Amino acid sequence: MTGATLAGDVSTIPAKPALPLDLDEESRTWLRSLRDEGAVRDAAITRLHALLLRAARFEVTRRRATLPHLRGDDLDDLAQQAADDALVSVLRRLDDFRGASRFTTWVYKFALLEAAVKLRKRAWQGREIPLEDDAWNAFSDTTMEPVALAEQSELVETLRQGMETVLTAHQRRVLVALAIDGVPIDVLADQLDTSRGALYKTLHDARRKLRASLEASGLTPNAMSEESD
Amino acid sequence: MEPRDLNDVVGRLLGPAGPEVGCDVCFAELDRYVELELAGEDADAAIPGLRAHLDGCPACREEHESLYALVAGESA
């Protein structure tokens with residue numbers, strides 16, 4: 001998909017004239033062009049799409065080792081899709097840009113996010129996503145070296161008890177999937193039909209409760225860390 | 001499941017100790033944070049809680065690493 005084609009797709013998105021104060025000249029030019037009309041805006045969108053595609057390809061190249069089964073064409077298709085989606089996001093959120101960074105840095109993060117999410121989802125495509133609320137099994141002696149387990153039985157036992165007693169079943173499932181099984185947060189969010197932000201909030205709350213339970217048992221995280229060294 | 005180091009498992013279970021922002025705030029501030037880092041300024045003081053979030057969220061950490069590398073490459 002080209003920027004010119006996409007310009008038609010996003011023509012219903014309102015363009016507002018107000019520019020943030022203290023913008024650098026390059027960022028000001030980008031905003032003015034994208035908020036213009038007709039050929040000027042179409043040309044700016046084409047340039048923006050090229051910029052986003054470059055960032056998406058940068059991300060795909062960095063992470064391609066996570067997808068060894070994909071061919072170059074597949075990876076470039078993924079980068080193109082990421083750039084297309086990022087373009088729509090950037091144009092929709094143009095008014096959110098306040099000039100806290102250069103415009104190009106601001107738009108890059110949209111392309112990198114889209115590419116990274118697509119890569120993580122593709123890497124987990126067809127794989128079983130473990131959703132165990134039985135954290136006892138997940139946090140069993142198969143998850144760590146036997147020597148470490150023997151040396152740290154008190155710590156492990158305290159953690160297991162904390163996970164069983166202070167967390168809800170949903171918090172356990174999320175904590176085990178993200179922190180132990182290494183399921184990417186975007187993949188789990190799709191699986192649970194929720195957002196990445198909401199899922200991280202669940203993870204954060206579970207971690208806080210687990211920390212508090214350990215401290216109540218007389219094991220502070222720092223002490224545990226020293227013991228584990 | 002592969003055997004793994006206890007410290008690593010405990011670290012991922014407990015997450016960062018200090019206050020942290022969420023994924024949405026992280027995304028909103030990431031461009032400013034990276035530019036402050038590249039300028040040699042105190043990005044952590046300017047945006048409290050973002051570094052802790054990067055420590056606790058592998059997805060946001062990946063995106064931070066990529067944005068930093070991309071912008072740093074342009075500045076070089």
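How many salt bridges does the rule find across the interface of chain B and chain A? The rule finds seven, a salt bridge being a side-chain nitrogen of Lys or Arg within 4 Å of a carboxyl oxygen of Asp or Glu. The structure is a predicted model, in which local features need pLDDT of at least 70 and side-chain atom pairs count only at pLDDT 80 or more, while totals for chains, interfaces and linings use all residues. Residues are numbered from 1 along each chain as its sequence is written, chains are lettered from A and ligands numbered from 1 in the order in which they are written, and side-chain values use heavy atoms, with hydrogens and water left out.

Consider chain B by itself. Its secondary structure consists of five helices and zero strands; helices (H or I, at least four residues) and strands (E, at least two) are DSSP runs, numbered from the N terminus. The C-alpha trace of chain B spans about 40 × 25 × 20 Å along its principal axes. Of the 76 residues in this chain, 47% are buried, where buried means under 20% relative accessible area, exposed over 50%, and partly exposed in between (1.4 Å probe, protein chains only).

The interface can now be examined. Chain B contributes 39 residues to the contact and chain A contributes 52, contact meaning heavy atoms within 4.5 Å. The size of an interface is often given as the accessible area lost when the parts come together. Between chain B and chain A, the buried area is about 4000 Å², with 59% given by carbon and sulfur atoms; this area is what two parts lose in accessible area (1.4 Å probe) on being put together, summed over both. On the side of chain B, Leu13(B), Leu14(B) and Phe27(B) lose the most area to chain A, together 19% of what that side buries. A salt bridge joins Asp31(B) to Lys109(A), with the closest N and O atoms 2.9 Å apart.

His64(B) lies in helix 5 (residues 58-75) of chain B, and counts as buried because its relative accessibility is 8%. Apart from neighbours within four places in sequence, His64(B) is in contact with Leu30(B), Tyr33(B), Val34(B), Glu37(B), Arg51(B) and Leu54(B).

His170(A) belongs to helix 9 (residues 169-180) of chain A. Its relative accessibility is 36%, and His170(A) therefore counts as partly exposed. When residues up to four places away in sequence are not counted, His170(A) touches Leu192(A) and Thr202(A).
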